[in-house]
Amino acid sequence: MKKYILFFAIIISINIYAQNETNYDESKIPEYKLPDILVSEKGKKITNSRSWITKRRPEIVSLFEENIYGKVPGELKFKGYKVVEESKDAFNGKAIRKQVVLNFKNNGKELNVGLLIYLPKNEGKVPVFVSYNFWGNHTVADDPEILLTESWISNNSDLGRTNNRVTEQSRGVGKKLLSVEKLIDAGYGLATMFAGDVDPDKGAAAGPDYSDGIHPLLYINGQKKPLDYEWRTIAAWAWGLSRALDYFEMDEDIDQNKVIVFGHSRHGKAALWAGALDQRFAMVISNNSGCGGAALSRRQFGERLGGMNTEFPHWLCGNSKKYDYKEATLPVDQHELIALIAPRPVYIASAEEDLWADPKGEFLSAYHATPVYELFGKQGVLSPNMPEINQPLMTSIGYHIRSGGHSVTEFDWNQYIKFANIHLK
Ligand code: GCU
C-alpha cells in the first residue's frame, strides 16, 4: 500500500514540475486558438469602428476587469495638489523641474504621491512621457534636489535601503532607465512617480499586504482586502497614471493632449492597462512588459500567469488565479489589450535575450491587434513574421526587438522619441 502511495506521489510531483517548468522551445508551444477579437460575446461579427467602440470594446474591457486586472471599486480623485518645489535651473538650465504632491483622502485615510516633472524650457506647452520608477524619484537623475520618498521599499543593503526606506545612497541609480536628458533635448518632458507611493510592491517574498497604498481608501464596511474581481497592484498603478494625467490637465506648461504613457516590465503591464482604460493617453509604450503585459498568454512561453500569480500574488485580481496553468480557458488574451488602445499609437518593445517576457508573444499581440486598427483606417503589423533584430516597425503599432537583455536602453529611447515625433508632432 505504502509503495502505491509513494508511486502516485512521485507521479503527481513530476506532473506539477512539468506543468510549472518554463518553456523556451517554440516547438513545444501547444496549439492554441485566440479569442476572436472581431466577434462579440454573442457571436456577432464586428465590421466597423462604431460597433467596435460601442459593443466589442466595452465587452473586452469588462472581461479584463473581471478576470485579469480587477475593477477599481469607486471614483477617487485627488483632493488637492501642492507644488512643493520648483526650479528653472535643472540640467544646467535646460529644464524646469517641478515636484508636486498629489493628496488623496477617503475613509478617514490619506495617501500622498510624489510626482517629479522635468520640462524643456521656453517651449510653451510640451508633450510629456509619464512613467513609474522602481526605486524612488531620486533615482531617476543625479539631481540633489529630488525629494526622497517616505514609502515602503524592499531592503537592499548595497543601495542603502534599510528599514524599508530609501536613502541618499541610491540617488541617480536608475537614470539609465528613463533617459531624462535625452527627452528634454528632444523637446519632451518627463513625469515620474515611485510606484510604491501608489501601492507598495509587496509580493510573495515580502508578504502581500493590502492594508497600505491606495486600496484602503476605497474599502467599504471593514473590508481588509480587495474582492476577487477588484483591483490589486497592477490596476492600482494604472489608476495612478490616470491621476497624474488629471494633474497634467491643470498644469499650463504641459500639453494634456500629448501625454505618452510609458512603462518598463511590471510598469509596462500597468502602462498598457492604463492606456487601454483611459483614452486621454495619446500614446502608449510598453518596454519588455511580458506576461500579463504585451505577451500572449496562450503561448505559455517564458513566464506564465500561474507562476506570476505565485511570485506576485498581489499584481492581478483574485479571479485571475482561476486560469493558473489553464491558459486555454482564458476569456481574453493580450492582443485584445493592445487593441483597446486603438486607434491611438502603441509601441511594443522586446529584447532578444529577454525570453522570460516572450518577445515573439509580444510581437504576435501586435500582429493580432492589427485588425482593430484597420477598422479605423490605421496600419498595424502586416506580417506574422518578426522583424530582424534592431529593425523597428513604426506604423500605428510600433514594434522592435533589440539586441541585449531585459532593460531600457539608449536604443529603446531613440525609437520612442522617433515614434512620438512621427505620430504626435
Ligand atoms: C519579474 C516578473 C515579470 C516582471 C519583471 C519586472 O521578472 O516575473 O513579470 O515584468 O519582474 O518587472 O522586472
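The model is a predicted one. In it, a ligand is surrounded by residues that include Arg266, Lys269 and Trp356, while elsewhere helix α6 packs with helix α7, and a cis peptide bond joins Ala342 and Pro343.

**The ligand and its surroundings**

- The residues that surround the ligand are Ser265, Arg266, Lys269, Glu303, Met308, Phe312, Trp315, Trp356 and His406, and this shell divides into four nonpolar, two polar and three charged residues.
- An oxygen atom of the ligand lies 2.5 Å from a polar side-chain atom of Arg266, and for Lys269 the distance from an N or O atom in the side chain to an oxygen atom of the ligand is 2.8 Å.
- Trp356 also has a polar side-chain atom 3.0 Å from an oxygen atom of the ligand.
- On its own the ligand has 320 Å² of accessible area, of which the protein covers 83%.

**A pair of helices**

- Helix α6, made up of residues 233-248, packs with helix α7, made up of residues 266-277, at an angle of about 60°, and their axes are 8 Å apart.
- Because angles of 65 to 115 degrees count as roughly perpendicular and those under 35 as roughly parallel, α6 is described as oblique to α7.
- The crossing of α6 and α7 is right-handed.

**Backbone geometry**

- Most residues other than glycine have a negative phi, and most peptide bonds are trans.
- Asn107, which is not a glycine, has a positive phi of about 55°, and this residue lies in the loop between β2 (95-106) and β3 (109-120).
- The peptide bond that joins Ala342 and Pro343 is cis, with an omega of about 5°, and Pro343 is found in the loop between α9 (334-339) and β8 (346-351).

Methods: Residues are numbered from 1 along each chain as its sequence is written. This is a predicted model: local features need pLDDT of at least 70, side-chain atom pairs count only at pLDDT 80 or more; totals for chains, interfaces and linings use all residues. Side-chain values use heavy atoms; hydrogens and water are left out. A residue is near a molecule or strand if one of its heavy atoms lies within 4 Å of it. A polar contact is a pair of N or O atoms within 3.5 Å; within protein, one must be able to donate a hydrogen and the other to accept it, and residues adjacent in sequence count only if both atoms are side-chain atoms. Accessible areas come from the Shrake-Rupley method with a 1.4 Å probe; for residues, only the protein chains shown count as cover. Ala, Val, Leu, Ile, Met, Phe, Trp, Tyr, Cys and Pro count as nonpolar, Asp, Glu, Lys and Arg as charged, and the others, Gly among them, as polar. Axes are lines fitted to C-alpha atoms, for helices over the stretch in contact, and angles run from 0 to 180 degrees between N-to-C directions. Helices (H or I, at least four residues) and strands (E, at least two) are DSSP runs, numbered from the N terminus. Angles under 35 degrees count as roughly parallel, over 145 as roughly antiparallel, 65 to 115 as roughly perpendicular and the rest as oblique. A crossing is left-handed if the near helix is turned anticlockwise from the far one by less than a right angle, and right-handed if clockwise.
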